[in-house]
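Visitor: I would like to know what the terms used for a protein structure rest on. Please take me through one.
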Amino acid sequence: MKRVYMTLVATVAGAALSLMGTGAASAGTGPGATAQRQAANAAVGAAGTEAGNPLSAVATAAEVCADATQIGTTEYIYRDTETIASVKQFYSPSCHENYAYAWVWKSFLDQNVSFDLTLGVWAYERGGLVGERAVVNTHAQEFWSYAADTADECTSADATIDIPDYPVPLSTRTSKRC
């Protein structure tokens, strides 16, 4: 009974901390990849994941540093009420670089719609995207920006999806990290 109670207390405390957040952090700081996240990334190898796998084939092609971990919020791109993509910002402590990451949801891809995607790290002081990557007429699921040398700046991940015959481009930006 004591073990069940302790597990319950730890679970509730963890959930509360998760909901409260961990306070302010800069673009150049973060907890780093936990052992659990590192193991999960290693287990899927070169596959992409919704959580963002810096070891994936797409990340490797974009030269993402292997220790990159998410910083800030996860935001979403919507078409009307349909969620079509997740967007995150990553930071590598060993490379001192930020990356933008977008994962297009399978439910959207199953509609066989090609789209254009632009993503990068929004640098507030510069007023523009750094590490910008643009992909045209794609049906891919995983996207990483190029490295952005913005660790000492306030940044967000920024992504835009442009769907042919849809009246406006769809975009989002993650929380500002300084």
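Guide: What follows sets computed values against their definitions.
Guide: This is a predicted model, in which local features need pLDDT of at least 70 and side-chain atom pairs count only at pLDDT 80 or more, while totals for chains, interfaces and linings use all residues. Residues are numbered from 1 along each chain as its sequence is written, and side-chain values use heavy atoms, with hydrogens and water left out.

Visitor: How many helices and strands does the protein chain have, and what makes a run count as one?
Guide: The protein chain has four helices and eight strands. Helices (H or I, at least four residues) and strands (E, at least two) are DSSP runs, numbered from the N terminus. Along the sequence the pattern reads α-α-α-β-β-β-α-β-β-β-β-β.

Visitor: Why is E153 called buried?
Guide: Buried means under 20% relative accessible area, exposed over 50%, and partly exposed in between (1.4 Å probe, protein chains only). E153 has 14% relative accessibility, so E153 counts as buried. Of the 178 residues of the protein chain, 39% count as buried.

Visitor: Which residues make the nonpolar surface patch with Y76, and what makes a patch?
Guide: Y76, Y78 and W105 make a nonpolar surface patch of about 280 Å². Patches are made of residues with over 30% relative accessible area and no salt bridge; like charges are joined within 9 Å, and nonpolar side chains (Val, Leu, Ile, Met, Phe, Trp, Tyr) within 5 Å. Accessible areas come from the Shrake-Rupley method with a 1.4 Å probe, and for residues only the protein chains shown count as cover.

Visitor: How do you know that D110 and K106 form a salt bridge?
Guide: A salt bridge is a side-chain nitrogen of Lys or Arg within 4 Å of a carboxyl oxygen of Asp or Glu. For D110 and K106 the N to O distance is 2.9 Å, so the pair meets that rule. D110, at 52% relative accessibility, counts as exposed, and K106 is exposed at 53%. By this rule the count comes to five salt bridges. Another one joins E82 and R79, at 2.9 Å; E82 and R79 are both buried.

Visitor: What does the salt bridge between R126 and E153 tie together?
Guide: The N to O distance between R126 and E153 is 2.5 Å. R126 lies in the loop between β4 and β5 (128-138) and E153 in the loop between β6 (142-144) and β7, so the pair ties together parts 27 residues apart in sequence.

Visitor: What makes a nonpolar core, and which residues touch the most other members of the largest one?
Guide: A nonpolar core is a set of buried Ala, Val, Leu, Ile, Met, Phe, Trp, Tyr and Cys residues joined through side-chain atoms within 4.5 Å. The largest has 23 residues, and I77, V104, F115, I161 and I163 touch the most other members. Its largest share, five residues, comes from β4.

Visitor: Where does I161 stand, and how do you know that the strands there pair?
Guide: I161 stands opposite L170 in β8. Two strands pair if DSSP finds at least two bridges between them. Four bridges join β7 to β8, which run antiparallel, so the two strands pair.
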